[in-house]
Amino acid sequence: MDLKLGFCLTLFLAFVSLPAILAQDIGTAKILVDGTKRVAEIDDNFICATIDWWPRDKCDYNHCPWGNTSVINLDLSHPLLAKAIQAFNHLRIRIGGSLQDQVVYNVGDLRYPCHPFRKMKVGLFGFSKGCLYMRRWDALNHFFSKTGVIVTFGLNALYGRHKLKGNAWGGDWDSSNARSLMKYSISKGYQIDSWELGNELTGNGIGASVGAELYGKDLIKLKSFMNSLYKNSKLKPSLIAPGGFYDQEWFAKLLQVSGSNVVNFVTHHIYNLGAGNDPSLVKKILDPSFLSKISETFNSLHQTIQHNGPWASAWVGESGGAYNSGGRHVSDSFMDSFWYLDQLGMASKFNTKAYCRQTLVGGNYGLLNTATFVPRPDYYSALLWHRLMGKGVLAVRTGDSPHLRSYAHCSKGRAGITLLLINFSNQTRFVINVENLMNVNLTTNGRKIQSRNSVVHSIKKTVAWVGSKASDGPLYREEFHLTPKDGNLRSETSVLNGVPLVLTDHGEIPKLAPVLNNVHSPLYISPYSISFIVLPNFDAPACA
């Protein structure tokens, strides 16, 4: 869009919307960004999604939202599935989930029969052991290669073990089946970026648990034969573990026992919104103070890694917000992006290298619709993050408003910075003033504005400040404003800059185009909205 046209359009929209604006509370917010140093760093492929093992008869709360979306039966030939993945230009995908530790790989000498999952009351999570046939493994890897997927595969950590009391499992891990799968994959030339051992076996476990000392010894064994099998390979996969809920004592013990440079990435799972049928689910998602509580987990894990395994880094290996398949008509709606994007920003501040969303498709929390593979709102939120937010995480401060969240990163693949702004208020429309701590010479009164005269005065006064190198190029910013269709937070359609995000007439993922505005024009953030703001001219030495 032409810059003058964009500016004129903004002015026109501002004037025609003036009656609605005056009916809202108007507030100003000063955002201070320190571009002199990185406070944390994420991976280039920070955005990750999972593919789970659940069969179609996995049900929660009298609803069965999985369909044919498992590792075993996902329709790999569906054109929209490939297009949705390829839009990321290398999407990280983790294969794993609750049934992971019951999967037998149909290769080599088997300890157990290899049969499909079936319902079984006495089975873990109500299912029998399942089977991964090599013809399906071949098909998955051909699909991943074609679509540019970065693959993480979760191995069965209970193979050969037996149940003790309660959730506890004991005995030695039989690594033969995992080793056979690895050898087969190498012989076929399949590129596995990382192998993960076990799913939610940490602490007291979910369904099953393994002690940290046993787990640490298993990881030593796994790393040893990984090094042996891949010694002549150009690709050296990472070892990630333990893929469970954070328990400080357990995680510390695991790192101490496994020792230096065995585990490359420490993975933990988060479902901080509670059960999918929790009547307070919506309230939690829209409450910034509640969402902030999980920062204690991020911080504690970061400290545990620093003290016990500084060679490793953290991943969120699985997170769907609400457990038991997510919240129906919540996890699949625009509303969920308030939780999702806020947690992406929060995780980044604690050096989390990757964040795997449960799921790519399947359950109520899938990024894609279970039946049609049509992208849901969180898909577009993830795609915008992936394209705009770079590796470098910057310090940012946001005035006194508890309803406005801000995160700042170096822009991805270009100069400048990108802001993620989340307005949790249902009534306040913010006029934003961005300031560079390197050269703060413009100020804005951060108090709430009540009179019409003060609104007009603030709009004239508030500008975005980009620093001492502002004249090095065109003085514009790129704005990506996300709102729900028809103002309905439960809508399954996001609106970007006034345009609904729907597939094109040819079934393609729509373009995510910004609005260009002069950097000195007012920046508005509407109530209950999410915005990515790209400032190409922001002077940030840490991003050079």
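Predicted model: local features only at pLDDT ≥ 70, side-chain atom pairs only at ≥ 80, totals over all residues.
User: What does the secondary structure of the chain come to?

Analyst: The chain has 13 helices and 26 strands. Helices (H or I, at least four residues) and strands (E, at least two) are DSSP runs, numbered from the N terminus. Of its 544 residues, 60% count as buried, where buried means under 20% relative accessible area, exposed over 50%, and partly exposed in between (1.4 Å probe, protein chains only).

User: Why are α6 and α7 called oblique to each other?

Analyst: The axes of α6 (residues 212-229) and α7 (residues 248-258) cross at roughly 40° and come within 8 Å. Axes here are lines fitted to C-alpha atoms, for helices over the stretch in contact, with angles from 0 to 180 degrees between N-to-C directions. Angles under 35 degrees count as roughly parallel, over 145 as roughly antiparallel, 65 to 115 as roughly perpendicular and the rest as oblique. The pair α6 and α7 is therefore oblique.

User: Which residues make that contact between α6 and α7?

Analyst: On the α6 side they include Tyr215, Leu219 and Ile220, and on the α7 side Trp250, Leu254 and Val257 are among them. Contact means heavy atoms within 4.5 Å. By class, this contact of α6 with α7 has 7 nonpolar, 2 polar and 3 charged residues. For those classes, Ala, Val, Leu, Ile, Met, Phe, Trp, Tyr, Cys and Pro count as nonpolar, Asp, Glu, Lys and Arg as charged, and the others, Gly among them, as polar.

User: What makes Cys48 and Cys356 a disulfide?

Analyst: Their sulfur atoms are 2.2 Å apart, and a disulfide is a pair of cysteine sulfur atoms within 2.5 Å, a cut-off that this pair meets. The torsion about the S-S bond of Cys48 and Cys356 is about 85°, so the disulfide is right-handed. Cys48 lies in strand β2 (residues 47-51) and Cys356 in strand β15 (residues 352-357), so the bond ties together parts 308 residues apart in sequence.

User: How do you know whether Cys48 and Cys356 are buried or exposed?

Analyst: Cys48 has 1% relative accessibility and so counts as buried. Cys356, at 0%, counts as buried too.

User: Why are Cys59 and Cys64 described in another way?

Analyst: Cys59 stands at 34% relative accessibility, so it counts as partly exposed. Cys64, with 43%, is also partly exposed. Their sulfur atoms are 1.9 Å apart in a disulfide.

User: How many disulfides are there, and what is the pairing?

Analyst: The structure holds 4 disulfides. Numbering the bonded cysteines in sequence order gives 1-6, 2-3, 4-5, 7-8. Cys114 and Cys131 form one of them, with sulfur atoms 1.9 Å apart, and both of these cysteines are buried.

User: And Leu273: what puts it in its accessibility class?

Analyst: Leu273 has a relative accessible area of 0%, so it is buried. This residue is found in the loop between β11 (265-270) and β12 (274-275). Leaving aside neighbours within four places in sequence, its contacts include Phe290, Gly321 and Trp339. Leu273 and Gly321 are 48 residues apart in sequence and 5.3 Å apart in space, C-alpha to C-alpha.

Definitions and conventions
Residues numbered from 1 in each chain as written. Heavy atoms only, no water.
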